[in-house]
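Hi,

Here is the structure I said I would pass on. Have a look at it first, and then read on for what turned up when I went through it.

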Amino acid sequence: MGEHIIKLPDVGEGVAEAELVEWHVKVGDIVREDTMLAAVMTDKATVEIPSPVDGEILWLGAEIGDTVAIGSPIVRLKVAGDGNVKPQGGGDLEPVAAEPPAKLPTPKPETAAPPAKTSPKATAADVKPVPASKGLRQQSVSGAPRPEGEKPLASPAVRLRAKEAGIDLRQVAGTGPAGRIGHEDIEAFLARGPQVAKTSGLARNDAVEDIKVVGLRRKIAEKMTLSKSRIPHITYVEEIDVTALEDLRAALNKDKRTAKGGAERPKLTLLPFLMRAMVKAIADQPNLNSLFDDEAGIIHQHGGIHIGIAAQTPSGLVVPVVKHAEARDIWDCGAEVIRLAEAAKSGTATRDELSGSTITITSLGAMGGVVTTPVINHPEVAIIGVNKMMVRPVWDGTQFIPRKMMNLSSSFDHRVIDGWDAAVFIQRIKTLLETPALIFVD
């Protein structure tokens with residue numbers, strides 16, 4: 001028997017380190033080749049680390065939330081044969097040779113882990129029967145269902161697997177640290193069938209759970225702190241009458257004509273219209289489409305309009321970017337928004353698709369509330385917030401009539417954008433949205 005050390009591979013984004021966000025295994029587990037060992041995060045891409053060999057986990061080299069350098073040992077396994085380490089001196093184990101970090105193909109979407117497969121190289125002699133006491137994670141089938149409102153600890157991939165299987169994660173007992181639910185727990189739950197939640201009635205709950213802020217949640221926290229600490233926001237709210245726009249949108253969606261190239265036109269939401277209105281307004285006020293390097297004291301005013309779309313995903317908030325909105329028509333904008341939203345939700349969006357914005361739209365859809373105070377996406381200088389649409393009575397001079405109304409809550413970097421300029425920008429967008437034919441006029 002020998003030992004095999006697995007190092008953190010190059011994740012292919014030119015980064016020197018990555019944050020460990022999840023262990024899929026623990027010491028004592030028996031793993032097969034391609035068994036997922038861990039997940040690491042670089043920027044906003046999550047990458048899963050598979051095992052290259054069969055073996056038993058002897059040592060894990062980092063805690064969840066640790067930042068690990070590329071090439072650092074992260075797992076040590078007992079394997080059949082010599083392994084890739086040799087005894088040295090007093091018995092310390094060192095790698096036989098410095099292995100260049102393996103290059104991972106592409107960040108994988110956070111989908112459910114595929115069933116573990118046996119290596120074609122493995123034989124009955126290579127792989128020992130797994131004792132019942134040391135199997136691939138002994139599952140704890142106990143554990144009371146979590147109360148309403150409690151969010152179980154689980155990775156985005158596990159949440160997606162549970163969603164696809166129609167499982168309420170609160171009913172699943174987690175066998176990981178602090179009750180974290182893993183893929184194995186999902187499979188065990190499916191194997192024994194769902195448990196009927198017990199009615200506990202009213203009961204006092206004094207439990208306190210300490211949850212380390214890691215992964216995307218930590219990235220979001222750092223980004224928001226940076227934005228609020230560095231940018232003096234000014235927020236401007238305006239009411240928009242979108243009755244005519246909604247009529248036009250319904251008519252266009254009813255028209256089933258194909259788009260350029262023969263592709264079917266996408267169903268239009270309000271966002272493509274807002275994006276085109278922003279493009280027209282920025283043509284009059286190009287300083288709104290800027291990045292502010294406050295340390296160098298330089299405003300980078302961009303010609304290309306790259307609109308970030310803040311999107312909520314099962315993993316948290318991400319901002320996919322529609323590049324060069326100035327060169328896209330309304331249907332092209334709509335198609336790109338749909339494509340990027342699906343990529344963001346499935347975890348397949350690339351780093352390039354999640355970066356490079358020059359101005360951002362944020363919307364909570366039907367949950368958008370009446371007014372919000374959007375946080376500017378640093379180092380941009382403006383963000384447009386969309387609030388929910390409602391039918392309200394509007395006085396037309398003689399009577400109250402029902403109109404479809406919506407607020408835009410928009411924030412600006414007051415170091416770069418004065419309140420007057422912010423108001424002019426939003427009033428221009430208001431005019432375009434309330435008279436949507438103007439959006440199509442060059």
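**How the helices pack**

Let me start with a crossing: helix 5 passes helix 7 in a right-handed way. Keep in mind throughout that this is a predicted model. Helix 5 covers residues 270-284 and helix 7 covers residues 419-434; their axes lie 9 Å apart, at an angle of about 135 degrees. That angle makes helix 5 oblique to helix 7.

If you want to find the contact on screen, look on the helix 5 side for Phe273, Leu274, Ala277, Met278, Lys280, Ala281, Ile282 and Asp284. Their counterparts on helix 7 are Phe425, Arg428, Ile429, Leu432 and Leu433. Sorted by class, the residues of this contact of helix 5 with helix 7 come out as ten nonpolar, three charged and no polar.

Helix 5 also packs against helix 6. Here the axes come within 8 Å and cross at roughly 125 degrees. Helix 5 and helix 6 are therefore oblique to each other, and their crossing is right-handed. From helix 5, the residues involved are Leu271, Pro272, Phe273, Met275 and Arg276, and they meet Ile330, Cys333, Gly334 and Val337 in helix 6. The contact of helix 5 with helix 6 has seven nonpolar residues, one polar and one charged.

**The chain as a whole**

If you take the contacts in the chain with a separation of 6 or more, 66% of them are between residues 24 or more positions apart.

**Salt bridges**

Side chains of opposite charge can pair when their charged atoms come close. How many salt bridges does a search of the whole structure find? The count is 21.

Glu295 belongs to the loop between strand 12 and strand 13, and Arg230 to helix 3, so the two tie together parts that are 65 residues apart in sequence. Is Glu295 buried or exposed? With a relative accessible area of 69%, Glu295 is exposed.

Another pair is Glu353 and Arg339, whose side chains meet in a salt bridge at 2.9 Å, N to O. Glu353 is in the loop between helix 6 (330-346) and strand 17 (359-363), and Arg339 is in helix 6, so the parts tied together here are 14 residues apart in sequence. Glu353 counts as buried, at 14% relative accessibility, whereas Arg339, at 38%, counts as partly exposed.

Some of the salt bridges share partners, and these join Arg230, Asp294, Glu295, Asp413 and Arg415 into one network.

**Two loop residues to look up**

His378 brings us back to Arg230. You will find His378 in the loop between strand 17 and strand 18 (382-386), and it is buried, with a relative accessible area of 14%. Leaving aside residues up to four places away in sequence, His378 touches Lys223, Leu226, Ser227, Arg230 and Ile231. For one of these, Ser227, the separation from His378 is 151 residues in sequence but 5.2 Å in space, C-alpha to C-alpha.

The other residue is Gly81, in the loop between strand 8 (73-79) and strand 9 (85-88). Gly81 is partly exposed, with a relative accessible area of 41%. Not counting residues up to four places away in sequence, which residues does Gly81 touch? Gly81 touches Met1 and Gly2. Gly81 and Glu3 are 78 residues apart in sequence, and their C-alpha atoms are 8.4 Å apart in space.

Over to you, and happy browsing!

How values were computed: Residues are numbered from 1 along each chain as its sequence is written. This is a predicted model: local features need pLDDT of at least 70, side-chain atom pairs count only at pLDDT 80 or more; totals for chains, interfaces and linings use all residues. Side-chain values use heavy atoms; hydrogens and water are left out. A salt bridge is a side-chain nitrogen of Lys or Arg within 4 Å of a carboxyl oxygen of Asp or Glu. Helices (H or I, at least four residues) and strands (E, at least two) are DSSP runs, numbered from the N terminus. Buried means under 20% relative accessible area, exposed over 50%, partly exposed in between (1.4 Å probe, protein chains only). Axes are lines fitted to C-alpha atoms, for helices over the stretch in contact, and angles run from 0 to 180 degrees between N-to-C directions. Angles under 35 degrees count as roughly parallel, over 145 as roughly antiparallel, 65 to 115 as roughly perpendicular and the rest as oblique. A crossing is left-handed if the near helix is turned anticlockwise from the far one by less than a right angle, and right-handed if clockwise. Contact means heavy atoms within 4.5 Å. Ala, Val, Leu, Ile, Met, Phe, Trp, Tyr, Cys and Pro count as nonpolar, Asp, Glu, Lys and Arg as charged, and the others, Gly among them, as polar.
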